[in-house]
Amino acid sequence: MAYHSVIIGCGSYLPERVVENKELAATVDTSDEWIIERTGIHRRHIAADGETTCDLAHAAGLAALQNAGVRAEDLDLIVLATATPDHTFPATATQVQARLGMMKGAAFDVHAVCSGFIYALAVADNFLKAGQAKNALVIGAETFSRILDWKDRSTCVLFGDGAGAVLLQRQDGAADVGSPGVISTHLHSDGRYKDHLYVDGGPSSTQSTGYLRMAGREVFKHAVTNLASVVNEALESNNVSADQIDWVVPHQANQRILDATARKLKLDPARVISTVANHANTSAASVPLALSTAVGDGRIKRGQLLILEAMGGGFTWGSSLVRW
Ligand code: COA
């Protein structure tokens with residue numbers, strides 16, 4: 001029996017505290033104007049003291065369950081993408097599982113930094129297609145504020161905290177570009193580029209958490225090339241042309257990356273969902289957050305064709321073609 005998976009609901013959560021660019025300019029040598037001009041970011045949400053990735057993931061997961069009309073006890077898979085887990089182990093996904101009261105199936109984390117949600121979606125989609133699960137909660141959740149060097153102006157202004165989730169349900173029959181569902185996923189990584197974007201700590205190397213380090217210009221260059229290539233890969237492998245895409249739901253790193261990628265792909269910028277101004281870069285949370293925002297405000301409608309894409313540390317990158 002062939003199966004495919006359908007996204008039947010989505011949800012998100014943002015910490016209450018909003019930090020405007022001007023507030024950052026009071027503590028590091030930067031300005032509202034510089035941040036807006038170079039990144040498009042105006043503000044970001046920052047988790048409260050003691051508020052963890054699990055808290056954010058749980059709230060987004062609950063919202064997705066409610067939106068889908070599925071009970072936690074009917075879940076049999078949670079795949080949670082994060083680079084900022086509550087603990088080295090156990091996986092944050094298992095803590096979310098316990099809080100939701102899900103007793104069966106499996107819950108685990110996937111780690112691909114800013115591409116994490118696309119990776120998690122691909123993993124869950126493949127589980128469902130293989131008939132190994134029926135209802136999967138796919139979450140992207142991060143508290144990057146905990147791994148930022150707040151004295152480094154070249155990185156601390158770029159990121160925020162948040163979470164987003166989708167409910168993926170198995171349905172009979174193979175995926176088809178004309179019907180709702182996850183039509184394809186394409187993943188890539190190239191470990192040679194580790195030094196362009198990494199955290200200078202970890203349990204096995206320094207026994208500390210460490211801070212995010214980035215060669216911004218290098219990342220920018222690779223991001224536009226890799227994202228355009230993996231979007232093209234999705235279009236070509238499904239015989240879909242760029243003008244058939246209703247919405248691009250990209251990883252929200254920088255407005256200039258969104259614009260440059262759209263230009264390279266000859267995609268209408270009005271068809272690109274952008275939430276970077278209000279959320280900044282929330283890493284694995286950014287794609288499901290952008291998706292939930294645009295579904296919530298009515299831009300994304302059932303039956304429309306979406307391309308999801310992301311790129312992150314590793315490097316990792318990926319795309320998914322979805323009929324909403
Ligand atoms: N405020 C003010 N000035 C800043 C600054 C800040 N927050 N951060 C850096 N600068 C300065 C630099 O020190 C540099 O000064 P100099 O010319 O005197 O040396 C100048 O601005 C230009 O820096 P540069 O790094 O060349 O700027 P840029 O145009 O490349 O923009 C980024 C920097 C980080 C915004 C940009 O490279 C970027 O967005 N890269 C991709 C990052 C990303 O998306 N990462 C995550 C991917 S998942």
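A: Between domain 1 and domain 2 an area of about 3,800 Å² is buried, 65% of it given by carbon and sulfur atoms; buried area here is the accessible area (1.4 Å probe) that two parts lose on being put together, summed over both. Of the area that domain 1 buries against domain 2, Cys-114, Ile-118 and Ile-147 supply 17%, more than any other three residues. This is a predicted model, in which local features need pLDDT of at least 70 and side-chain atom pairs count only at pLDDT 80 or more, while totals for chains, interfaces and linings use all residues. Residues are numbered from 1 along each chain as its sequence is written, and side-chain values use heavy atoms, with hydrogens and water left out.

Domain 1 spans 3-172 and domain 2 spans 181-323, bounds that come from an automatic or database domain assignment. In contact (heavy atoms within 4.5 Å) are 52 residues of domain 1 and 48 residues of domain 2, and the centres of the two domains, taken over C-alpha atoms, are separated by 14 Å.

One salt bridge is counted between the domains, the term meaning a side-chain nitrogen of Lys or Arg within 4 Å of a carboxyl oxygen of Asp or Glu. Arg-213 forms a salt bridge with Asp-149, with 3.0 Å between the closest N and O atoms.
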